[in-house]
Structure formats: C-alpha cells, structure tokens
Amino acid sequence: MATKQLKEFTLDEVAQHNKPDDLWVAIDGKVYDLSRFKDLHPGGVSVLTDEEVAGKDATTSFYGLHRHEVLQRPQYKRLQIGTVKGQESVMFDRIVGELSTVPYAEPTWLSAGYYSPYFKETHREFQRAVRRFVDEVVYPDAQVREEDGKRPSQSVFDKMAEMNLHAMRLGPGKHLKGRVLMGGIVKPEEFDYFHELVITQEITRCGARGYGDGLLGGKVIGLPPVLNFGSPELQARIVPDILAGKKFICLAISEAAAGSDVMGLQTTATLSEDGKEWIINGSKKWITNATFADYFTVGCKTEDGLTAILVERGPGVETRHIKTSYSPAAGTGYITFDNVRVPFGNTLGEVGGGIFVILSNFNHERWVMCCSSARAQRDIVQECLKWATQRTVFGKPLISQQVIRSKIAGMIQRAESVQSWLENITYQMTNMSYKQQAQKLAGPIAFLKSYSTRCAQDTARDAVQIFGGRGVTQAGMGKFIEHYHRTVTFDSLLGGAEDVLADLGVRQAIRAMPKNTRL
C-alpha cells in the first residue's frame, strides 16, 4: 500500500479552514482535517468549531483534554493531511525501551548524573533489555487484557519463558542453574535480588494491576514452597512445565474466616487408612490465579498441625471467579476441595511444619509487593507532573497553584523514601542466606510493606484531587489515576494487612530487646 503523501502548510493556510464544513487544526506541528470527523467527536461539534480551535494551532487545547496516545490511534492518524511549515513534532509519551526524562519518574540509579552503591553495569544492561521486552511484548497485551478481563495471552507467557523470566521472578537460586537469562546478559550464578527487583518494577510500569497479578503472580508466591520444600521427584515432575509457562500454580492460604490469621485455617487434610494419600476438604478465598491454575499450594489443618500440600487440579477441585475491584485478568477465585485425594508425596516440608513453609515464603512475597508499590508510586508522580504542567486553570498552569505543588512534593518524598528503604533491604537480602533472611528481615520487610502501601494510598488520594473528575474516569486523561486509586488497596491487604504487618514488626523488635536495658 502506498504511503500517504503529506503536504506542508503555513499556519495562515490552516487559518483559512475554520468553518464547520471546512475545518482544519494544527496540533504539535501536524495538520488535521476534521471536516468529516466533527460529528463523530466524542466531545461534540462545538468544541472543534470554537474560535480558539477551528483553523488554529490547537496544541495547548488538545493536550489540556487528551492524552498523546489519542493521536497514535489509526482512526485519528488518518485525519492528518500535512505538517506545519517550519515546525517539527516534538510531543511524545512513551518511547519503547527508553528512560523517562520527567523528574523523579525514574529511581535515582537510572537517572542521569546520579550514582548508586547497589547497582552494577550488569543491572543497567539487564534493565535496558527488560524494559524493551516489557514495552514491546507485555505492555500492549496488558492494556487489552486489563480491559477485556481475559487472562494474559499465552504468547506473552511463551516469550517470557524464552527469556527465562518466569524462573528469574523467583529470585536467585538453584532453579536458574543451566539457564540462559535474558539472552545471556547475566549468568545464573550472578543473578541477584536487584535483578529481580528490576523485573518486578519494569512489569509494574504497565499500569494494569489486575493483569500484573494475572501475569503469574500466583506462581511467584505459589512455586517457592515447592522449590524449597518439595521432594526432588515432585519438583522434577511439575517445575519444568511451570517455568516454561505451560502449566500454572497459585498459593491457596486465605479463607473466608482466616486471612492474616494463618493459624485459623479450617481446610482439613486427613490421611487415608493406608497412609498413602491425603483427603482434603474445605475452601479457599481471594486466591490469585485460582481460576486458571493447574496446581495449588494449599495450607491445611492436619492432626499434627498446619501442613502445606501441593494439590493438582482434578476430581473434587472446583474454582470460580470472584469479582473484585480490579480486572478478572488476575484470575482471582474461590476454591473448594471436596474429598480431594492427594498423594502423600505432595507434602511440602514436614507434616505439621506448614507454618514454617508459609512464613518463609511471606518475606519474598511481601518484598515483591514493595518493589511493585515503589514503582507504581513513581509512575503516578510522573502522571501528575505531566498533567500539572500542561493543564491550564484560572488562566494559569495548574502547577502554579501552591497546593498542587505541595501534593506533588508529598508524592515525591514518599516515592523516594520507599525506594531507598527497599534498596537497603534488597542489599541485605543479597548478602544473607534464605535462613538468615527469615531470622533477620521478617520485621523490616513487614514494616516496609506496611509503610509503602500506606504511602501509596496517600498518593492515590492526592492524585485524584490533582486530576479532578478525570481522576475518577476509566478512560482518557486520568485513566491511570482512576485505575491506581481503584486498585491501590490490593497491596495493602495481600500478603498481610497493614496493621497486622506493622504489629509484626514491633513484636519482632520486642523479642530482640536486651533484657538488661533500662532508661
């Protein structure tokens, strides 16, 4: 198909086309013929025929009402008939694979002229590769699936598997041995938690919370117990297909009557007479990825105490979708177990030792949520800075209002403090064994998660105030703000409620108090 030839026009020539049936506008150095489009304009004809728009350079007016992505849609690209003589298009939104130049839109280790003691060149090269992959492969799928509610496309899972991203999202460990990571950028023995932090934060940039959990969030928290406590036979049978994105797993702990109270679980597992099988009965609720999972890492009450067991989808296992405030793409579901028979060999860890299996997994789960929360807050800072500098109110840029600058200042302070604390804890993780992490970091990670999600909710509230009505509208200029405000509470609950985690941090500190200290 021949490329459309675009002519050059002066602004004086554009000005001659200012009537309803002959209507041109210039936006960002491009000329658009809206004569036939005016009746289809969602905002009505009068907006386009206004004397400040018709036949004029409407760049300021356009960006006061629309996101740049509107101009990238095929139906609107077709309206372009030329360019403005002597002008170049300078506006852009998201450049694939590139860093943002908006202040505070990137953590300092990625910002020009700044330094970090934590990140090496391998992390920077890795970040560039992951960002390009996410922008090209994940982001487009995220926008569609978040909207239609279907689970992430299998093609995305397959491409992630080619890069071994599924394996890397579980952190460093023996499961990476012999794998080619991200095309060979980092060796398995060099991969650390900072590399994993990069993956989580780059995926978070998609701004699609339900999709993000649907992108095998259940595997990130459901597979580690199998890797750390499952028998070699069990691992050999199920792990390869999961890391290849062919089979799916989730963590099934929470119940209607037991959320943060893990010891209050009511789902039971009793041994068969011959001791070769578990017979499981009960239900689980709010389980991420449950609706499309093939395997379930389940916390059960047994005669000897809490026990973790891997359950495979089969007779007696039923799942159904739970409608939540984010997209069904997450696969959030309700699970029932009706006399489900499971081989005893599917036991994870010791019988009665399930609490240790579950608690050891919580540190990594909560840390991942902190990584995501820190990045999401930064993305909201970027949205608000862009909007406040392009929006005109009361005849002045919105950013000229002191109250707006104050809100943005708070957002930046929170985002920077969360990221700094996160990087410090991540550094401790890279220098501690799994056992040491469980002993020393449970309290600090609990504190960080509680702090980061509270900061996130403050930022969400302020962002809505900055965007006004657009901040509660699911499309258009404030769509990412509305989405963030609607879904921000998920992280405040998943992995442990804020108040429970804050109390956990204090209780850990009290246990470490020296017995002989006095004021």
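Reader: Which residue just after α12 takes a positive phi?

Author: In this predicted model, the residue is Gly 245, whose phi is about 75°.

Reader: What makes the length of helix α12 agree with its number of residues?

Author: Helix α12 covers residues 232–243, and at 1.5 Å a residue its 12 residues should span 16 Å; the C-alpha atoms at its ends are 16 Å apart, which agrees.

Reader: How do you know that the buried residues of α12 are on the same side?

Author: The buried residues of α12 are Leu 234, Gln 235, Ile 238, Val 239, Ile 242 and Leu 243. They cover an arc of only 125° around the axis, and therefore they are placed on the same side of α12. An α-helix has 3.6 residues a turn, so residues three or four places apart point the same way. On the face turned away from the buried side, α12 carries the exposed residues Glu 233 and Ala 236.

Reader: Why is Leu 271 called partly exposed?

Author: Its relative accessible area is 43%, and because the term covers values between the 20% limit for buried and the 50% limit for exposed, Leu 271 is called partly exposed. Leu 271 is found in strand β7, residues 268–271, and together with Phe 344 and Val 351 it forms a nonpolar patch on the surface, with about 220 Å² of accessible area together.

Reader: How do you know that strands β1 and β5 pair?

Author: Pairing requires at least two bridges, and β1 (residues 7–9) and β5 (residues 80–84) have three, in the parallel sense; Phe 9 has Val 84 as its bridge partner in β5.

Notes. Residues numbered from 1 in each chain as written. Predicted model: local features only at pLDDT ≥ 70, side-chain atom pairs only at ≥ 80, totals over all residues. Heavy atoms only, no water. Patch = residues over 30% accessible without salt bridge, like charges linked within 9 Å, V, L, I, M, F, W, Y side chains within 5 Å. Areas by Shrake-Rupley, 256 points an atom, 1.4 Å probe, with all protein chains shown as cover. Salt bridge = Lys/Arg side-chain N within 4 Å of Asp/Glu carboxyl O. Helix = DSSP H or I, 4+ residues; strand = E, 2+ residues; numbered from the N terminus. Buried < 20%, exposed > 50% of the residue type's maximum accessible area, 1.4 Å probe, protein only. Expected span 1.5 Å × (residues − 1). Arc of directions from axis to C-beta.
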